[in-house]
Amino acid sequence: MPPLTDTPLRYGAISRALHWGMALLFLAQFLSAAAHWALPRENPVRELLWSYHSDLGLTLFALVLLRGIWGLLNMGRRPVETGPLAGAARIGHAVLYALMIIVPGVRILSAIGGTRGLDYLGFELVPARAAEIAWTQVPVAWHGEMGWVLALVILGHIAMAVGYHRLLRNDGTLARMAG
Ligand code: HEM
Ligand code: HEM
């Protein structure tokens with residue numbers, strides 16, 4: 001059982017729970033997006049998968065904020081990337097964090113400035129406004145596209161963790177998050 005906090009040798013239990021829990025939730029979120037993209041409007045599978053997209057997206061947004069705060073609190077004692085691709089790994093993780101915030105963030109912004117409001121698990125989170133704030137509706141046009149870019153970056157991240165670190169170099173990087 002790993003300690004709760006991170007250590008230079010491995011990620012702690014809380015970072016791991018957040019990492020793997022969110023990985024599962026992202027899988028469910030991309031399933032709903034894929035169904036929305038690929039299936040016709042009346043399809044019951046699409047309706048079922050799409051029904052949770054907004055609530056799950058808001059949950060992921062809250063979790064990424066918690067994870068970011070936990071990461072900052074553990075900054076001085078987390079594992080540090082080493083090896084020839086350490087710089088690329090740091091940039092890759094920063095891009096993952098940025099997109100995990102921006103993708104749901106633009107939807108939340110558009111709800112704050114929009115006329116339809118926003119519910120979370122049936123509770124009103126953002127009340128509807130009488131008039132829309134125009135600039136808040138601009139970045140949301142890229143929500144879907146940025147979501148797909150995030151999916152590609154995640155696939156690259158998995159390929160690096162499993163293909164490069166585990167299979168090619170067997171350097172223990174995967175184990176400090178998984179083993
Ligand atoms: C990390 C969280 C999220 C991810 C990864 C994500 C991903 C995506 C993707 C990839 C699409 C494109 C689907 C297609 O091509 O048909 C999409 C569409 C959509 N998402 Fe999300 N989403 C997230 C959060 C949210 C949230 C919080 C809301 C609402 C509050 C939301 C509402 C929508 C809506 C209404 C669409 C259809 C219109 C559009 O493409 O912009 N999403 N999402
Ligand atoms: C099968 C899926 C996945 C595997 C095998 C995997 C593997 C790993 C490994 C081994 C690390 C540690 C890297 C290091 O110590 O340098 C890591 C860190 C990280 N992973 Fe994943 N990962 C997966 C899915 C995801 C998903 C879905 C996301 C988010 C969208 C994600 C985001 C991150 C981030 C941001 C880090 C940096 C450490 C942190 O702040 O938590 N990973 N991953």
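Axes here are lines fitted to C-alpha atoms over the stretch in contact, and angles run from 0 to 180 degrees between N-to-C directions. Keep in mind that this is a predicted model.

Q: How are α1 and α3 oriented to each other, roughly parallel or roughly antiparallel?
A: These two helices pack at an angle of about 155°, with their axes 10 Å apart. Angles over 145 degrees count as roughly antiparallel. So α1 and α3 come out as roughly antiparallel.

Q: What is the hand of the crossing where α1 passes α3?
A: The contact draws on residues including Leu18, Met22 and Phe26 of α1, plus Leu60, Val64 and Trp70 among those of α3. As α1 passes α3 there, the crossing is left-handed.

Q: How far apart should the ends of helix α4 be, and how far apart are they?
A: Helix α4 covers residues 86-112, which is 27 residues. At 1.5 Å a residue, that should span 39 Å. The end C-alpha atoms agree with this, as they are 39 Å apart.

Q: At which residue does α4 bend by about 30°?
A: Look among the α4 residues that touch α3, which include Met100, Ile101, Pro104 and Ile108. One of that contact set is also where α4 bends by about 30°: Gly105.

Q: Which elements do the buried residues of α4 pack against?
A: Buried means under 20% relative accessible area. In α4 that includes Leu96, Leu99, Val103 and Val106. The buried residues pack against α1, α3, β1, β2 and α5.

Definitions and conventions:
Residues numbered from 1 in each chain as written. Chains lettered and ligands numbered in written order. Predicted model: local features only at pLDDT ≥ 70, side-chain atom pairs only at ≥ 80, totals over all residues. Heavy atoms only, no water. Helix = DSSP H or I, 4+ residues; strand = E, 2+ residues; numbered from the N terminus. Expected span 1.5 Å × (residues − 1). Bend = angle between axes of the 7 residues up to and from the residue. Buried < 20%, exposed > 50% of the residue type's maximum accessible area, 1.4 Å probe, protein only. Contact = heavy atoms within 4.5 Å. Parallel < 35°, antiparallel > 145°, perpendicular 65-115°, else oblique. Left-handed = near helix turned anticlockwise from the far one by under 90°.
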